[in-house]
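Me: I would like to learn to read some features of a structure. Please take me through them one at a time.

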Amino acid sequence: MVDLVLSSIDRGVLTLTFNRPDRLNAWTDELGRRYFDRLAEAELNPEVRVIVVTGAGKGFCAGADFRTLSALQDGSYDGEPDKRPNTFPTTIRKPIIAAVNGACAGLGMLHALVCDLIFTADEAKWTTAFARRGLIAEYGISWILPRLIGHAKAMDLLLSGRTFSGAEAYELGLVNRSLPRESLLEETVAYARELAAYSSPASMAVIKRQIWGDWSQSLESSESAASRQMLEAFSRPDFTEGVASFLERRAPGFPPL
């Protein structure tokens, strides 16, 4: 049986690869369930410090599989979607980096955006697609997209459903880096390894929670919570090690999460 999400780990970096290349890694209930299971396993694995997500073949994820959409249209759909929401990756305490190697559409685009960082191939094709399928902005993308690129740009991408390149995604501020396709995964993994080697897992977990959680908080609430969290950070071994490694001019040896 084909494993729908391939997994490999090296030097603290877990690479997860959507593995339906013949369908541009289009999303199915089974693929989603396997992906979320892999993330939950990574959450508990002390060897994993950073997660990279990419796609096999020419696509990252081309959105919901058309066979699923057809079944929903004619009433024959009998699947079992995972009970975990599509925003589940935001709850994983470890950083998740999307390496968008190709087609990234609809639900696939949402799954890139709920990663913490996004690197894309220059020529990757991006689209929200929803309006051109008679659908709405699904699964929270109408909340995420304006916060990443602003109201006007989000309206453009959602209302038009137009296709745009990875290079334009970078110009819009949607992604962190736009790279040649042939070096995308190598450079993404290199960045992930740097996080794994030099950044405290505990610090990254708290910062991730702050970033995703503070979008809905006031400045005063964010500052108050950060003050409490800073006091907690002072008591962790990560703080002691972070200061000692800096003073001793050596790489840190932070404990796993």
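This is a predicted model: local features need pLDDT of at least 70, side-chain atom pairs count only at pLDDT 80 or more; totals for chains, interfaces and linings use all residues.

Me: How do H8 and H9 pack, and at what angle?

Reply: Two packed helices are described by the angle between their axes and the distance between the axes. Axes are lines fitted to C-alpha atoms, for helices over the stretch in contact, and angles run from 0 to 180 degrees between N-to-C directions. Helices (H or I, at least four residues) and strands (E, at least two) are DSSP runs, numbered from the N terminus. Here H8 (residues 201-214) and H9 (residues 219-234) pack at about 165 degrees, with axes 12 Å apart. H8 and H9 are therefore roughly antiparallel to each other.

Me: Which hand does the crossing of H8 and H9 have?

Reply: A crossing is left-handed if the near helix is turned anticlockwise from the far one by less than a right angle, and right-handed if clockwise. The crossing of H8 and H9 is right-handed.

Me: Which residues in H8 and H9 meet?

Reply: Contact means heavy atoms within 4.5 Å. From H8 come Val206, Arg209, Gln210 and Asp214; they meet Ser222, Ala226 and Gln229 in H9. The residues of this contact divide into 2 nonpolar, 3 polar and 2 charged. In that count, Ala, Val, Leu, Ile, Met, Phe, Trp, Tyr, Cys and Pro are nonpolar, Asp, Glu, Lys and Arg are charged, and the others, Gly among them, are polar.

Me: How many helices and strands does the protein have?

Reply: The protein has 10 helices and 10 strands. Its radius of gyration is 19 Å, close to the 18 Å that the globule rule gives for 257 residues, so the protein is as compact as a globular protein of that length. That radius is taken over C-alpha atoms, and the rule is 2.2 Å times the number of residues to the power 0.38. Along the principal axes, the C-alpha atoms fill a box of roughly 65 × 45 × 35 Å.

Me: What share of the residues is buried?

Reply: Buried means under 20% relative accessible area, exposed over 50%, and partly exposed in between (1.4 Å probe, protein chains only). Buried residues make up 45% of the 257.

Me: Which values of phi deserve a look?

Reply: Most residues other than glycine have a negative phi. Alanine 129 has a positive phi of about 70 degrees. Alanine 129 lies in the loop between strand S8 (125-127) and helix H4 (141-149), and is buried at 11%. Tyrosine 139 also has a positive phi, near 55 degrees. Tyrosine 139 sits in the loop between S8 and H4, but is partly exposed at 48%.

Me: What does leucine 117 touch?

Reply: Leucine 117 lies in strand S7 (residues 117-121) and counts as buried, at 17% relative accessibility. Leaving out residues up to four places away in sequence, leucine 117 touches Ile96, Ile97, Ala98, Asn176, Tyr191 and Leu195.

Me: How far apart in space are aspartate 10 and arginine 193?

Reply: Their C-alpha atoms are 8.7 Å apart, with 183 residues of separation in sequence. Aspartate 10 belongs to strand S1 (residues 5-10).

Definitions and conventions: Residues are numbered from 1 along each chain as its sequence is written. Side-chain values use heavy atoms; hydrogens and water are left out. Angles under 35 degrees count as roughly parallel, over 145 as roughly antiparallel, 65 to 115 as roughly perpendicular and the rest as oblique.
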